[in-house]
Amino acid sequence: MQVLDSPSSNCAPPIVFVGRNRAGNWVAREQRGAFGGLFINRAEALKYALFKNGRHPESIIEVAREIELDIPSP
């Protein structure tokens with residue numbers, strides 16, 4: 001018998017963290033570092049996060065702590 005992932009886990013939108021880095025820039029970063037970017041303001045960071053996660057605001061987490069754009073190289 002083979003156990004398969006449930007369809008809901010395969011279709012879950014990526015979680016995106018939004019916050020400021022130590023320099024005060026706005027950062028949007030996918031939970032595992034698959035994508036991300038630096039932005040001039042909060043609105044642009046949220047707009048990017050929504051675009052990249054398929055318009056799922058419930059999967060965007062605004063963090064109070066500093067967040068850095070650390071995307072691993074392939």
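**View 1. Asn-41, a partly exposed residue.** Asn-41 counts as partly exposed because its relative accessibility is 31%; buried means under 20% relative accessible area, exposed over 50%, and partly exposed in between, using a 1.4 Å probe and protein chains only. This is a predicted model, in which local features need pLDDT of at least 70, side-chain atom pairs count only at pLDDT 80 or more, and totals for chains, interfaces and linings use all residues. Residues are numbered from 1 along each chain as its sequence is written, and side-chain values use heavy atoms, with hydrogens and water left out.

Look for Asn-41 in the loop between strand 3 (36-39) and helix 2 (42-52); helices (H or I, at least four residues) and strands (E, at least two) are DSSP runs, numbered from the N terminus. A polar atom of the Asn-41 side chain lies 2.8 Å from the backbone nitrogen of Glu-44.

**View 2. Asn-21, a buried residue.** With a relative accessible area of 9%, Asn-21 is buried. You will find Asn-21 in the loop between strand 1 (16-20) and strand 2 (26-30). Its side chain reaches the backbone nitrogen of Ala-23 at 3.1 Å. Leaving aside residues up to four places away in sequence, Asn-21 touches Val-27, Leu-38, Glu-66, Ile-67 and Glu-68, where contact means heavy atoms within 4.5 Å.

View 3. Where pLDDT is low, the predicted coordinates should not be read in detail. The protein averages a pLDDT of 87, and 81% of the residues score at least 70.

Conventions. Polar contact = N/O pair within 3.5 Å; in protein donor to acceptor, adjacent residues only side chain to side chain. pLDDT = per-residue confidence, 0-100.
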